[in-house]
Amino acid sequence: MHIKFHHHRFCYVFLITIITSCNDQDPYVKPPGGVISIEEAKLLDRTYTETRQGILENALGREESRSSWWSVEELEAYIAYAKYQAEEKGMRVKGFRIYQGAYPKNYGDHKRAGSATLFIVPTGTTAKKEGTILINLAPLQGGDDLEIAPLNMGHPRNPPSANY
């Protein structure tokens with residue numbers, strides 16, 4: 001009977017370990033470099049609004065979307081896709097660059113026509129360039145834009161003028 005108690009205790013400890021290891025809220029995860037405070041993000045957003053938003057809206061004669069949103073699943077799937085495509089082409093993804101873009105006024109999707117957008121482009125190096133020393137800023141900035149289909153069609157925030 002004494003042995004059974006230890007067996008049940010082991011199973012209990014094992015289950016607790018499994019359950020806690022599946023918890024996504026690991027208190028020991030440290031933020032990566034580049035993470036800023038919410039206050040700084042609000043300052044950056046406010047400064048953008050004060051110095052750029054009005055100029056853009058006056059020039060365009062309409063409200064302009066200021067953000068795009070992608071789900072975690074969409075981003076994870078795109079990262080996997082970009083890495084796979086890069087590997088197939090002898091490239092290596094080192095990061096992602098986010099570009100501002102705009103749809104032409106005569107764009108086929110009338111809801112998006114004339115609107116601003118953001119799209120994501122993988123950056124990195126070709127296997128050939130990785131073996132050489134290049135004296136330019138590209139390696140410091142995540143490499144060159146790779147010839148891989150960018151991710152677009154993020155979901156704009158409504159209303160478009162909503163601040164952070």
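Select Asp145 to begin: in this predicted model, the residue is partly exposed, with a relative accessible area of 32%. Next, display Arg97, whose side chain meets that of Asp145 in a salt bridge at 2.3 Å, N to O. Colour strand β2 (residues 91-102), which holds Arg97, and strand β4 (residues 144-145), which holds Asp145; the pair therefore ties together parts that are 48 residues apart in sequence. Arg97 is also partly exposed, its relative accessible area being 22%.

Proceed to helix α2, residues 38-60. The helix bends by about 45° at Arg52. Which residues of α2 are buried? Select Ala41, Asp45, Gln53 and Glu57 to show them. At the end of the helix, centre the view on Gly61, which follows α2 and has a positive phi, near 70°.

The last stop is Asp109, shown together with Arg112. Here the closest N and O atoms of the salt bridge are 3.4 Å apart. Is Asp109 buried or partly exposed? At 33% relative accessibility, Asp109 counts as partly exposed.

How many salt bridges does the model contain? The count comes to three.

Definitions and conventions. Residues are numbered from 1 along each chain as its sequence is written. This is a predicted model: local features need pLDDT of at least 70, side-chain atom pairs count only at pLDDT 80 or more; totals for chains, interfaces and linings use all residues. Side-chain values use heavy atoms; hydrogens and water are left out. The bend at a residue is the angle between axes fitted to the seven residues ending there and the seven starting there. Helices (H or I, at least four residues) and strands (E, at least two) are DSSP runs, numbered from the N terminus. Buried means under 20% relative accessible area, exposed over 50%, partly exposed in between (1.4 Å probe, protein chains only). A salt bridge is a side-chain nitrogen of Lys or Arg within 4 Å of a carboxyl oxygen of Asp or Glu.
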